[in-house]
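Morning, everyone. Please have a look at the sequence and the structure on the screen. I'll walk you through a few places in turn.

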Amino acid sequence: MSTPSRNDQLFARAQRHIPGGVNSPVRAFRSVGGAPRFFVEGKGPRVTDVDGKTYLDYVCSWGPLIAGHAHPEVLAAVNETAAKSLSFGAPTEMELDMADLLCDILPMLDMVRLVSSGTEATMSAIRLARGYTGRDLLVKFEGCYHGHSDSLLVKAGSGLLTFGNPDSAGVPADLAKHTLVLPYNDVTALEAAFAEHGDKIAVVIVEAVVGNMNLIAPKPEFLKAMRELTKKNGSVLIFDEVMTGFRVGPQGAQGLFGIDADLVTLGKVIGGGLPVGAFGGKREIMEKIAPLGPVYQAGTLSGNPVAVAAGLATLKLTRAPGFYETLTARTKRLTDGLVAAAKKHGVVFSAQSVGGMFGLYFAPECPATYDAVMACDKEAFNRFFHAMLDAGHYFAPSAFEAGFVSAAHTDADIDATIAAADAVFAAW
Ligand code: PMP
């Protein structure tokens, strides 16, 4: 009998004291099968596992690493800041730099508050919207994931879809009844919901480009109707840009589709790989937050100096001329190349990208609805995933997650991945 790899040894050990061996469910390879890879190092577009195998990384820590792993300028900012303090729990000038920068870049932000994760950002933004309107009802869309706070774990995407459990246990029915779930990209359902409940709807939260049921692009008329209906009915519109912020373009999805939301939530890229989230928006609403207003929200490590330093350094890199043009072109090069390779070998496959994020589908065309995503061939995805992993290309271990390209991926890296896929499809 051969000795198990170091990776397999670690995974066996992991399961003794950590549920499922992972600290976040989608890492677990449950739906694709096999053991998650334990990584020891990341450099640019590549990661290396404990057995010394190197992969081109299309997960990028689920989005934050838009500059790639271990960018020297990000590391320098982190090291310099850490040498002075890991945390004060008091204001620092860098938090002002971050707030000013975010409000400069995103025109709909008058004020912003920093938190430590995307979950905190969306949870706080929803409490704020409820406090501001004095209403309870929350509208979300099937398959969208907004973090793991109770009100949002109703028909959610990401790991909940991956494991076929879109409604989490442990959410009181008394709370879930205040969440109304509508189909994504369905204007008629949205209009009907507002016709029936308009004066009770506190808030509509949406992933303007969905990255948590694979990737689904919005129909422009869907976002437009959402903006008009929320405005007309005095409901708060939250664009959850935890994933899309600074990822699909310099002004996120709101810039891409020209929608002026009331509140926006951010995370991932704005922390550059360290824990940072943010929520912000119109002054009139943001002034309801403590200590100015009656809606409570707080955090021991909010605006943590080291995390903010990493985020600021990362955002600075995204300000370079042509940054998003190059990232967008490179991501499209990947999806176009994969589609061409599949077509050449007669494999039913489609793909699309928006800025630096992409979706891969074992389906004849890119899905626009939850039902269409559910109809994709998951077994084919799992086969593709493992064949690519063996060849040294690391994609998200689920058919329901978007993928990410960083500025460190070169055309040659992308072409290497396309060539590997070509070989996989040739043997399909
Ligand atoms: N909103 C969206 C759109 C997300 O994609 C995620 C995480 N993938 C979250 C919120 C939650 O963020 P976090 O995992 O940092 O809590």
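**A loop, a ligand and some helix pairs**

Start in the loop between strand E3 (54-57) and helix H2 (72-84), which is where Ser 61 sits. The phi of Ser 61 is near 60 degrees, a positive value in a residue other than glycine. Most residues other than glycine have a negative phi, and most peptide bonds are trans.

Now, a word on confidence. This is a predicted model. The protein averages a pLDDT of 96, and 99% of the residues score at least 70. For the complex, the predictor gives an ipTM of 0.99 and a pTM of 0.97.

Next, the ligand. How many residues surround the ligand? There are 17, and the closest are Ser 117, Gly 118, Thr 119, Gly 147 and Val 242. Which helix gives the most to this shell? Helix H4 (residues 118-133) does, with three residues. By class, the shell has four nonpolar, 11 polar and two charged residues.

Back to peptide bonds. Find Ala 290 and Pro 291: a cis peptide bond joins them, with omega about 10 degrees. Where does Pro 291 lie? Pro 291 is in the loop between helix H10 (283-286) and helix H11 (305-318).

On to the helix pairs. Two packed helices are described by the angle between their axes and the distance between the axes.

Take helix H7 (residues 187-197) and helix H8 (residues 220-233). They pack at an angle of about 10 degrees, and their axes are 10 Å apart. That angle is under 35 degrees, so H7 and H8 are roughly parallel to each other. From H7, the contact uses Val 187, Leu 190, Glu 191 and Phe 194. From H8 come Glu 221, Phe 222, Ala 225, Met 226, Leu 229 and Asn 233. By class, this contact of H7 with H8 has seven nonpolar, one polar and two charged residues.

Now go to H15, residues 411-426. We will look at two partners. One is helix H12 (residues 323-344): the axes of H12 and H15 come within 9 Å and cross at roughly 20 degrees. H12 and H15 are therefore roughly parallel to each other. H12 passes H15 in a right-handed crossing. On the H12 side, look for Arg 330, Arg 333, Leu 334, Gly 337, Leu 338, Ala 341 and Ala 342. They meet Asp 411, Ile 414, Thr 417, Ile 418, Ala 421, Asp 422 and Phe 425 in H15. The residues of this contact of H12 with H15 divide into eight nonpolar, two polar and four charged.

The other partner is helix H14 (residues 378-390). The axes of H14 and H15 come within 10 Å and cross at roughly 125 degrees. Parallel or oblique? H14 and H15 are oblique to each other. H14 passes H15 in a right-handed crossing. H14 brings Phe 384, Ala 387 and Met 388 to the contact, and H15 brings Ala 420, Ala 421 and Val 424. By class, the contact of H14 with H15 has six nonpolar, no polar and no charged residues.

One last pointer. Look at Ala 421 of H15 again: Ala 421 is in the contact with H12, and Ala 421 is in the contact with H14.

Terms used:
Residues numbered from 1 in each chain as written. Predicted model: local features only at pLDDT ≥ 70, side-chain atom pairs only at ≥ 80, totals over all residues. Axes fitted to C-alpha atoms, helices over the stretch in contact; angles between N-to-C directions. Helix = DSSP H or I, 4+ residues; strand = E, 2+ residues; numbered from the N terminus. Parallel < 35°, antiparallel > 145°, perpendicular 65-115°, else oblique. Left-handed = near helix turned anticlockwise from the far one by under 90°. Contact = placed C-beta atoms within 7 Å. Nonpolar A, V, L, I, M, F, W, Y, C, P; charged D, E, K, R; others polar. Near = placed C-beta within 6 Å. pLDDT = per-residue confidence, 0-100.
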